[in-house]
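Here is a short briefing on one protein structure. Look at the model first, then read the points below.

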Amino acid sequence: MARPRIKDVARHAGVSEKTVSNVINDYAHVSDRTRRVVREAIEQLGYRVNLAGRHLRKGRTGIIALVVPELDIPYFAELARHVIREAEQCSLTVLIHQSGADRAHELAALAGFGSTFVDGIILSPLALTADDLRDRAGAPPTVLLGELLEEGADHVAIDNERAAREATGHLIGLGRRTVLAVGGRDDAGLGTAEARTRGYRAALADAGIPYDPAALLPVGSFRMPDGAEAVARALGEGMRPDALLCLNDQLALGALRALHEHGVRVPEDVAVIGFDDVEGGRFSVPTLSTVAPDKAAVARVAVQLLQRRIEEATGPAGASDGAESGVLSPQDRIVAHRLVLRESTEGHERR
């Protein structure tokens, strides 16, 4: 049996093909009665929209790429789920690429993988520099997550500096005075770790606590073994913290293990806070206090920005931000975060 076409739906519903198209594209000026009749015809005939044809007519493929450093880091896996969900609402398919935080891989993604099969890219970079984002003529539209490389690129993130300041301030408010930053990086970089370290230092200054560079525990990567190793090393060197600010939940979960193995009670002896609010932290013992970014909002804003850029590149621009040309200026979007307090910090104040 031949696959039903839009003209079959129109004939069955007693309307024009243009009206069927308007219903499929959810145009507002179609009456409720006509919309209901067309949708009933679509269901009865089993009509399916040819998304590939629709995209190709607009000079697009309907595919976007999400490029993350490591898919087995829970934060990126959870974020990918949200991006896929948002993209589906826009009839977009998501290609997921793992860069391994390798600059060559990130550059290849930035260039569209050397082909035209993706309309745009959502990229969480770790190895790129600001120079890499310049002179991108012919490259697909790109939205950055997390790392802010330059003001001229679209970017979506939480306010990492503020979030770390709040988290560290909470630890200090519990009476903790020796707060170590696991994964801290004390330099002027624009990365997430640097921003969170600045927030940590600001909270110390707010409380009048002198900053000690030795309180930053460096890590090779942001995984559980790295957090465990950093904390075990610090304890082995005689450091006696009463709180840990861990720059992601993976480091915090590793830190919990190291503290347990050294007979250190959490939170009685050491309070621990992480970042990201991944599922594992809700089931650890003790459960993990954390900074929870609104991952759904990160995905939603990123997909919306990218879709707008794709429209600018391949078709009529959408709503203008006020410029006469209707072209959206580079956007730096900050989404919400909140401090989630669980067993690793709660109920054990020091006076």
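Asp 277 is buried, with a relative accessible area of 8%; buried means under 20% relative accessible area, exposed over 50%, and partly exposed in between (1.4 Å probe, protein chains only). Asp 277 lies in the loop between β9 and β10. Its phi is positive, about 55 degrees, although Asp 277 is not a glycine.

This is a predicted model, in which local features need pLDDT of at least 70 and side-chain atom pairs count only at pLDDT 80 or more, while totals for chains, interfaces and linings use all residues. Residues are numbered from 1 along each chain as its sequence is written, and side-chain values use heavy atoms, with hydrogens and water left out.

- Asp 276 has a positive phi of about 115 degrees, although it is not a glycine.
- Asp 276 is buried, at a relative accessible area of 8%.
- Pro 286 lies in the loop between β9 and β10 (289-293). The peptide bond from Val 285 to Pro 286 is cis, with omega near -5 degrees.
- Pro 267 sits in the loop between α10 (249-261) and β9 (271-275). The bond from Val 266 to Pro 267 is cis, with omega near 10 degrees.

**The whole chain**

- The protein chain has eleven helices and twelve strands. Helices (H or I, at least four residues) and strands (E, at least two) are DSSP runs, numbered from the N terminus.
- Of the 351 residues in the protein chain, 48% are buried.
- Take the contacts in the chain with a separation of 6 or more: 69% join residues 24 or more positions apart. Contact means heavy atoms within 4.5 Å.

**Helix α3 and its partners**

- The axes of α1 (residues 6-13) and α3 (residues 32-45) come within 9 Å and cross at roughly 120 degrees. Axes are lines fitted to C-alpha atoms, for helices over the stretch in contact, and angles run from 0 to 180 degrees between N-to-C directions.
- α1 and α3 are therefore oblique to each other. Angles under 35 degrees count as roughly parallel, over 145 as roughly antiparallel, 65 to 115 as roughly perpendicular and the rest as oblique.
- Among the residues that meet are Asp 8 and Val 9 in α1, and Val 37 and Val 38 in α3.
- The axes of α2 (residues 17-24) and α3 come within 10 Å and cross at roughly 90 degrees. That makes α2 roughly perpendicular to α3.
- In this contact, Thr 19, Val 20, Val 23 and Ile 24 of α2 meet Thr 34, Arg 35, Val 38, Arg 39 and Ile 42 of α3.

**Helices α7 and α8**

- The axes of α7 (residues 160-173) and α8 (residues 192-206) come within 7 Å and cross at roughly 40 degrees. That makes α7 oblique to α8.

**A contact of Ala 228**

- Ala 228 lies in helix α9 (residues 224-236).
- Ala 228 and Gly 254 are 26 residues apart in sequence, but 4.2 Å apart in space, C-alpha to C-alpha.
- Leaving aside neighbours within four places in sequence, Ala 228 is in contact with Gly 254, Ala 255 and Ala 258.

**Cysteines**

- The structure holds zero disulfides. A disulfide is counted as a pair of cysteine sulfur atoms within 2.5 Å.
- Cys 90 counts as partly exposed, at 21% relative accessibility.
- Cys 246 counts as buried, at 0% relative accessibility.
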